[in-house]
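Here are a few notes to read alongside the model. Have it open while you go through them.

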Amino acid sequence: MQGISRPDRDLWDADDVTGHLVPPGSVFAFLAEHRRELFPDSFTADLFPSQTGRPSLPADLAGSVLVLKELYDLSDAQTADALKFDIRWKVACGRSLLQTSFDPSTLVYWRKRIAASDRPDRVFDAVAEVIAQTGILRGRRKRCVDSTVFDDAVATQDTVTQLVAAIRKVARVVPGAAGVIAKVCRRDYSQPGKPDIDWDDPAAKEQLVSDLVNDALAALDTLTGPSAPERDAAAADALGLLALVAGQDVEPAEGSDGTGGRWRIARKVAPDRVISTVDQQARHTRKSKSKRRDGFRGHVAAEPETGLITDCEMTMAAGEGSTDADNGVKMAARDRFHRAGQDSQACASPGCAPDAQAAGGAGPQNPQQADEPAGAASGCGDAPGARDQEQPAGRGEGEGLEIYGDSAYGSGEARAAYRDAGHDTVIKPGPLRPAVPGGFTLDDFAISEDQHTVTCPAGHTRPISTKRTVTFGALCASCPLRERCTTARDGRSMTIHPHEDLLRQARAQARTPKFKQAYPTRSVIERIISWTATQNGRRIRLRYIGAEKNDAWLHNRCAAINLRTLLRHGLTRRDGAWVLA
């Protein structure tokens, strides 16, 4: 059942006895005074519909702990200890100096219940409603976007480790698979650790790879054949993982066509490679050609003048849906704070009607809403599905957002999406590289989409093919400008992007004084990314498995950072409403 905070205080109440030791203006001091308004009982009421059973942690305690845990990047055990021994935590959470803490596993329980609810980002949404009530983002159109790679919580596994682990998982999860593997496989998978071979012998390692792949294929052939029974989700996932790791990193050995059972580790990295059987969503990625990272990619959008994070998303580091351009468009489309052409209070939920907000950011208009988190009654902020709703397209010029980003956010498709949604862009275009140093670039060619032709600097015109390629071929042989255009023996050829007109406009925009003056605004997001991805001068390493759990962590982390930022702007509560002093 739902736990309720007691209104009466203990004789050794931490705030009464030691509250003066907590620095004014800190998150601890704020939560000590306003945690019940920020996290009222309704904050977690939907998680405990039953009126019987042992009471849960009170909503204000749970919300405060979740904020402080991620603000200081603590583990579950460290969080429980902080609530037990740290006076600041006791003051912030309304505890007695003599009270002990909860078991660290309680936080696992809370994360699971919140993740399974209709409001998985309720902490972020609650702080977002505070932002909306203060009106600090009213009329602010600028949004800076950037991303960073977070190291995952698992070890990156090599091919041999993945194959052995996947076979053992099948034996453990799939009914009857242990007997099948013992029968059809050459090697023994019942013992822990890597196979016992001479790892300094190249021939032994090659034979091991062949044996592991052949064992995997033999097990799959038996367990997934036409006579195999229908599998449950866990068994199907285990078999699918084995099939994946048996094929992603290997290729037929030299001189083999793949039918002789001879395999070797491929001399390349498979696209979207699974790097661990423990966390199947962790991926390889690169920050540069020389610096490879493993983990997940965190995307952040922020308003540069206030430093407030307006949206965030954790995705796989590579693969579908992970690119900066895709996520930049997604975050702009669901921006909860921007309302075109309005001077009234913005709502923190895309599903909230503007006229439902009181002018000047007043609190709830119905007395029955007094214990509701801002927006809970009207569907604001933490409303179910708030992250999945998008703003309507077709805004007039200057009514949409103004997106600032580096060249990773400036793909043709992304620019088209921003244009169609009515957003302006201050996004650095990717550089053009001439085929000949100092020679002609694509911008020196005249492109006619109406006539489907391209004209080169020498005046030669060629048609654009159905695959949007153009070949000048023999026309280049006697061209006097050839030395400035191409070194290809068969003449200049190129591929025309479907949104080449937008890319050209972007390159022209980047050459203007207005762009050069505005673009440095983007640098603010670098500082906000640093707040998000580092703690006490060190890079944060993720603690959870999978993109969904790490996305929940990122939203809580950003909520805590936003709350701290609001306090720097003078956040307080006056006459039942959140205001800036």
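**Notes on cysteines and rings**

1. Let's start with the sulfurs: searching the whole structure turns up zero disulfides. Keep in mind that this is a predicted model. As a reminder, a disulfide is a covalent bond joining the sulfur atoms of two cysteines.

2. Take C312, which is in no disulfide. The nearest cysteine sulfur belongs to C558 and sits 3.9 Å away. C312 is buried, by the way, with a relative accessible area of 0%.

3. C485 is in no disulfide either. Its nearest cysteine sulfur is that of C476, at 5.8 Å. Is C485 buried or exposed? At 9% relative accessibility, C485 counts as buried.

4. Now the rings: the structure has seven aromatic pairs. One of them is F28 with Y72, a stacked pair with 5.6 Å between centres and 20 degrees between planes. It's called stacked because the planes are under 30 degrees apart.

5. F28 is buried at 3% relative accessible area, whereas Y72 is partly exposed at 29%.

6. F515 and Y519 make another stacked pair, 5.4 Å centre to centre with 15 degrees between the planes. Both F515 and Y519 are buried.

7. Finally, look for charges over rings. K194 lies over the face of W199, 5.2 Å from the ring centre. R568 does likewise over the face of W531, at 5.7 Å from the ring centre.

Conventions. Residues are numbered from 1 along each chain as its sequence is written. This is a predicted model: local features need pLDDT of at least 70, side-chain atom pairs count only at pLDDT 80 or more; totals for chains, interfaces and linings use all residues. Side-chain values use heavy atoms; hydrogens and water are left out. Rings of Phe, Tyr and Trp (its six-membered ring) pair if their centres lie within 6.5 Å; planes under 30 degrees apart count as stacked, over 60 as edge-to-face and the rest as tilted. Buried means under 20% relative accessible area, exposed over 50%, partly exposed in between (1.4 Å probe, protein chains only). A charge sits over a ring if NZ of Lys or CZ of Arg is within 6 Å of the ring centre and within 35 degrees of the ring normal. A disulfide is a pair of cysteine sulfur atoms within 2.5 Å.
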